[in-house]
Number of protein chains: 2
Amino acid sequence: MLPESSERAALVRRRELLAHALGSAPAVIASGRPRPRNYAADQFPFRASSHFLYLFGLAAQDGLGFYDGQAWTLYLPEPGADDALWDGAVPGFAEVAERTGCPVRSRAELPSVLASARMTRAVATLPTPDLETCLDVEALLGRQVRPGKLLPVDEPLAEAMVALRLRHDDAAVAQLRRAAEATTPAHLAGMRATRPGVLEAAVRAAMEAEFVVRDVRPAYQPIVTVHGEVLHNLKYHHVLREGDLLLADVGGESPGGFACDVTRTWPVTGRFSTTQRELYEVVLRAQKASIALVRPGVGYRDVHLAAHREMARGLVALGILRGDVEELVADGLTALLFPHGIGHLMGLDVHDMEDLGDRAGYAPGRTRSKEFGHRYLRLDRDLEPGMAVTIEPGLYRVPGILEDAGLTARAGDRLKRDVLARYSDVRGIRIEDDVLVTADGCEVLTAAIPKEASDVEAVMARR
Amino acid sequence: MLPESSERAALVRRRELLAHALGSAPAVIASGRPRPRNYAADQFPFRASSHFLYLFGLAAQDGLGFYDGQAWTLYLPEPGADDALWDGAVPGFAEVAERTGCPVRSRAELPSVLASARMTRAVATLPTPDLETCLDVEALLGRQVRPGKLLPVDEPLAEAMVALRLRHDDAAVAQLRRAAEATTPAHLAGMRATRPGVLEAAVRAAMEAEFVVRDVRPAYQPIVTVHGEVLHNLKYHHVLREGDLLLADVGGESPGGFACDVTRTWPVTGRFSTTQRELYEVVLRAQKASIALVRPGVGYRDVHLAAHREMARGLVALGILRGDVEELVADGLTALLFPHGIGHLMGLDVHDMEDLGDRAGYAPGRTRSKEFGHRYLRLDRDLEPGMAVTIEPGLYRVPGILEDAGLTARAGDRLKRDVLARYSDVRGIRIEDDVLVTADGCEVLTAAIPKEASDVEAVMARR
């Protein structure tokens with residue numbers, strides 16, 4: 001629950017930077033409450049809001065950080081009489097103050113403190129994803145607070161937070177590395193647990209066990225499926241068959257709440273078939289071409305388009321597409337097989353700061369494309385040192401797309417359906433790494449997870 | 001997501017019985033929405049509200065069952081344009097209608113249907129645990145809807161639902177059995193994974209993997225701890241040491257959402273020490289004495305008190321308590337070591353229908369005790385055939401209780417602290433089974449999970 005001692009300096013620094021950006025404008029950042037599963041006492045595991053974690057590193061329920069225009073104070077609930085019996089001892093205020101570097105006071109004092117603060121001016125906040133806490137903060141601040149909705153007074157706070165969280169400091173990078181370290185054994189275990197005849201659930205179990213045994217939480221609901229063509233497939237009931245590819249999009253969360261997001265695709269038999277290998281190599285080359293572009297100053301949209309171009313080249317070489325690479329991309333033919341964006345920001349959220357809409361993902365003046373396959377691009381900024389992004393091209397045979405007359409109209413005879421039909425043992429391939437932009441290039445944080453076809457096969461050969 | 005075909009008749013029957021109880025009074029039962037973890041798209045696994053699952057057996061998001069005073073209709077959202085790409089195909093309305101035995105219409109039609117219905121009279125509902133859905137239903141019904149809060153118009157619906165869900169029908173019993181079947185391998189795996197030097201998390205991982213591999217969800221956050229004296233301990237970071245007891249309170253959920261709730265306590269070495277064994281046998285005898293009482297017509301509070309009496313006898317025999325058994329119980333001495341209730345209702349919720357407050361747990365006219373150790377009793381009804389309850393006595397050395405001068409004042413010299421101190425290798429023991437009340441006695445649904453000390457040791461000897 002407490003941040004590690006080594007993180008104190010970073011937490012103090014983040015709050016100082018945010019205070020500097022805010023000037024004399026007051027702000028409240030709430031941690032949120034556990035969310036009930038079917039009744040109040042049966043709860044999902046508590047996850048504090050990412051903004052709160054960023055500033056205080058503390059997984060405290062119902063905490064509020066208040067910046068009064070001059071300094072930060074952390075307000076925490078005092079334990080109830082029976083809490084220790086049911087939930088165990090919690091760290092005292094003095095210990096929390098020591099670890100976070102922030103004075104701590106009782107949550108009960110907050111209403112009067114805020115009531116006097118808001119007499120002068122409106123208090124900014126960033127709404128938590130849980131409506132319960134929003135309504136609480138709404139009452140405290142005397143203004144509307146709803147998930148995903150910012151008022152004008154919140155805009156400078158949101159912009160300042162985006163500016164801070166966009167470029168990871170050393171403490172954040174350390175957390176991203178730990179999330180990646182926890183994710184590596186999960187993917188290796190998944191490859192080793194894969195064999196014909198078991199359920200997708202069996203592979204998921206082997207992967208998640210590597211998190212649980214390390215007391216690590218999954219950063220998002222894992223995707224472990226032989227139907228990779230359903231992009232966010234959360235079902236695990238299919239039996240693995242020879243000839244299937246298994247797509248696993250599974251990432252862990254660091255102790256401080258930072259995410260890892262990795263996808264690998266491997267053959268159920270342990271050996272890629274010729275057709276699987278051909279398409280796998282197309283995706284892998286597209287992924288490498290994109291990663292090779294990642295460095296400060298490069299536009300992420302160009303990284304996205306580079307993947308499309310590389311994929312077009314590969315698909316032309318296989319005879320699945322015919323025509324000029326640039327035209328194939330421009331006319332949306334690659335998007336028919338690669339219908340999502342090349343990736344997104346990474347940090348405390350898997351899609352970092354998506355709670356603030358496109359404010360984090362899209363640079364001022366840039367907006368989402370209307371084009372199929374490009375409108376899902378979640379990030380359109382020029383890359384800067386300290387940014388972390390995913391690079392995750394994919395290639396999918398989605399019946400709903402390929403049979404859609406409207407979507408495929410412009411393809412004409414440039415999409416060779418007879419050739420594509422030969423790749424019937426491929427439904428979905430995605431290869432995803434987390435990449436940190438460095439001063440003069442980039443570093444793949446998830447490089448320890450095998451992705452060369454031969455490396456994947458070598459891991460599976462040792463099953 | 002769909003109920004099994006064999007469940008259709010039970011679902012129809014439940015809705016008929018509820019309709020009969022409601023007469024011409026209209027009612028809405030909502031399924032709820034997935035709950036965001038840190039931003040809208042990063043969600044906890046969806047769990048439909050238990051009342052909705054009871055009537056429709058369907059894990060559909062944002063569904064509403066509407067009883068218009070004559071018949072039930074199920075309103076479901078129509079899939080969005082891109083849903084199939086991201087989330088896969090969902091069953092069509094015709095298939096849902098076939099499986100649930102209930103006509104299905106588009107959720108979009110509901111506002112006008114409800115607007116005309118509520119012109120005549122207020123519509124009853126049972127609030128979902130998520131506030132978002134409550135506010136939605138509030139807008140639909142034009143009346144306040146808040147989690148855990150019933151209006152007078154809702155009372156007859158709540159009473160009718162309690163009357164139905166209190167006594168499980170055959171389909172519900174079948175689900176309870178499936179939840180128990182999924183829980184057995186988890187506990188066996190936990191015993192086998194236990195050894196000195198590993199983390200609590202490693203045992204948890206082995207237990208949860210047995211759920212995940214079967215595509216089963218945990219019915220509640222698992223407790224796997226060497227600090228059993230913290231009753232709802234949700235930390236997993238301690239290293240298991242020789243001399244520790246490990247307490248595991250872990251249960252799975254059936255496909256239809258019914259819960260299992262089982263606790264076992266086993267020695268890290270695989271062999272109970274003499275002191276551990278002595279206290280373990282006290283708890284086990286108390287548990288068996290309570291189960292032996294479970295039959296129609298018996299008051300659950302008497303089952304609770306029987307455990308206290310049996311525990312008093314055992315503790316007197318060990319010299320930990322001194323005095324008359326009845327007086328020791330009446331004066332709260334056993335409650336110092338067994339501070340919680342003997343158990344609770346079981347069903348779709350681990351604490352069944354706890355969302356309705358004590359309406360389900362407490363028979364009309366009965367209220368919670370003010371006494372320490374007895375005020376946590378969650379059920380005070382006369383048992384009836386078809387009820388399912390847990391029987392879960394425990395024995396804990398809780399410093400916060402034993403060092404509390406107020407709580408221990410009445411104990412005087414009847415609590416032999418010097419004798420209790422000899423049991424320093426016991427911090428917490430709990431033994432919990434799920435018990436179904438039958439026509440003339442009871443059936444232990446979780447009997448396949450070893451609890452005799454010798455059986456536990458035999459499982460662990462085969463590690």
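Which residue of E4(A) stands opposite A:Ile29? The residue opposite A:Ile29 is A:Gly65 in E4(A). This is a predicted model, in which local features need pLDDT of at least 70 and side-chain atom pairs count only at pLDDT 80 or more, while totals for chains, interfaces and linings use all residues. Residues are numbered from 1 along each chain as its sequence is written, and chains are lettered from A and ligands numbered from 1 in the order in which they are written.

**Strand E1 of chain A**

Helices (H or I, at least four residues) and strands (E, at least two) are DSSP runs, numbered from the N terminus. Two strands pair if DSSP finds at least two bridges between them. Strand E1 (residues 27–30) of chain A is joined to strand E4 (residues 64–67) of chain A by four bridges, and the two run antiparallel. With strand E7 (residues 124–125) of chain A, E1(A) pairs in the parallel sense over two bridges. A:Ala124 in E7(A) is the bridge partner of A:Ala27.

In a regular strand the side chains alternate between the two faces of the sheet. From E1(A), A:Ala27 and A:Ile29 point one way, and A:Val28 and A:Ala30 point the other way. All of these residues are buried. A residue counts as buried if 20 or more other C-beta atoms lie within 10 Å of its own, as exposed if 12 or fewer do, and as partly exposed in between, with C-beta atoms placed from the backbone.

**The three-stranded sheets**

In chain A, three strands form an open sheet in the order E11-E14-E15, with antiparallel pairing. Strand E11 (388–391) and strand E15 (442–444) of chain A are at the edges; each has a single partner strand, so one side of each is left without a neighbour in the sheet. The twist from one strand to the next averages 30 degrees. E11(A) is joined to strand E14 (residues 433–437) of chain A by four antiparallel bridges, and A:Ile391 stands opposite A:Asp433 in E14(A).

Chain B also has an open sheet of three strands, with the order E11-E14-E15 and antiparallel pairing. Its edge strands are strand E11 (388–391) and strand E15 (442–444) of chain B, each of which pairs on one side only. Strand E14 (residues 433–437) of chain B is joined to E15(B) by three bridges, and the two run antiparallel. B:Val444 in E15(B) is the bridge partner of B:Val435.

**Helices**

Helix H10 (residues 274–293) of chain A lies across E11, E14 and E15 of chain A, at about 155 degrees to E11(A). In chain B, helix H10 (residues 274–293) lies across E11, E14 and E15 of chain B and runs at about 155 degrees to E11(B). Axes are lines fitted to C-alpha atoms, for helices over the stretch in contact, and angles run from 0 to 180 degrees between N-to-C directions.

Helix H11 (residues 300–318) of chain A has 19 residues, which at 1.5 Å a residue should span 27 Å; its end C-alpha atoms are 27 Å apart, in agreement. The expected span is 1.5 Å times one less than the number of residues.

**Positive phi values**

Most residues other than glycine have a negative phi, and most peptide bonds are trans.

| Residue | Phi | Location |
|---|---|---|
| A:Gly319 | near 85 degrees | follows H11(A) |

A:Met353 is buried, with 25 other C-beta atoms within 10 Å, whereas B:Asp215 is partly exposed, with 17.

**Contact between the chains**

Residues are in contact if their C-beta atoms, placed from the backbone, lie within 7 Å. In chain A, 49 residues are in contact with 49 residues of chain B. Strand E2 (36–39), helix H3 (83–87), helix H6 (131–141) and helix H9 (200–212) of chain A each supply at least two residues of the side of chain A that touches chain B. H9(A) gives the largest share of this side, seven residues.

A rotation of 180 degrees with 0.0 Å of shift along its axis superposes chain A on chain B (RMSD 0.0 Å). The two copies are thus related as by a two-fold rotation axis. Superposition is by least squares on the C-alpha atoms of residues with pLDDT of at least 70 in both copies. Of the interface residues of chain A, 100% are also interface residues in chain B, so the copies meet through the same surface.

Methods:
Contact = placed C-beta atoms within 7 Å.
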